[in-house]
Amino acid sequence: ERWLRRSKTLLHIQKDACDTYDFIFQHVPKEKLVFFILLNRTCAEDGRHLYNNPNWIRKIRSLASSSKLGVHPSYQTFLNPSLLAFETQSLEKIQGFPVKRGRQHYLRYRLPATYRAYEDSNLMENYTPCPVFFCGFTHGMALPFPWFDLEKNQVGKMYLHPSQVMDRALLD
């Protein structure tokens, strides 16, 4: 039955059951939404769509016309600033304006290097801080706050936006 459903979806006979954007738009005000777009497949942990897939480009442009978007860097970007910059620039080309938001893939990051790479890519709003296995705030606060680079002993340009819950935590 799964194969039959997938075939019907691929042949445009029925809507993709995983396409929940209309449901989300019906239940959440668009001004409160931020979609993080994963554009690259550098390893198995990444999504299915490449940045140059025409259908994915159409969906991204549709989302960008009504919602805020950010980059969801691929799995290997946490140690590769040039890959992060490439993915950010790819999303900018698709949506037609600068990308200012990001959320690190699988919360895989290394401080301070990954956050410095965000600033170098002009990603000034970072939505990475989020507990994986529980509900709450990892930094003990709910409001955005500036990142502080301990090694340089200075306040960064980027703001961290704490999230209270990740979908993974709700599975448990």
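Tutor: Two strands pair if DSSP finds at least two bridges between them, where strands (E, at least two residues) and helices (H or I, at least four residues) are DSSP runs, numbered from the N terminus. This is a predicted model, in which local features need pLDDT of at least 70 and side-chain atom pairs count only at pLDDT 80 or more, while totals for chains, interfaces and linings use all residues. Residues are numbered from 1 along each chain as its sequence is written, and side-chain values use heavy atoms, with hydrogens and water left out.

Student: Which residue stands opposite V155 in β6, and how many bridges join β5 to β6?

Tutor: F148 stands opposite V155, and four bridges join β5 (residues 145-149) to β6 (residues 154-160), the two strands running antiparallel. Four residues lie between the strands of this hairpin, and N153 takes a positive phi near 55° there.

Student: In what order do the elements of the protein chain run?

Tutor: From the N terminus the order is α-α-β-α-β-α-β-α-β-β-β-α, which comes to six helices and six strands.

Student: How much of the protein chain is buried?

Tutor: Buried means under 20% relative accessible area, with a 1.4 Å probe and protein chains only; such residues make up 38% of the 172 in the protein chain.

Student: And how are contacts read?

Tutor: A contact means heavy atoms within 4.5 Å; among contacts in the protein chain between residues at least 6 apart in sequence, 63% join residues at least 24 apart.

Note on methods
Buried < 20%, exposed > 50% of the residue type's maximum accessible area, 1.4 Å probe, protein only.
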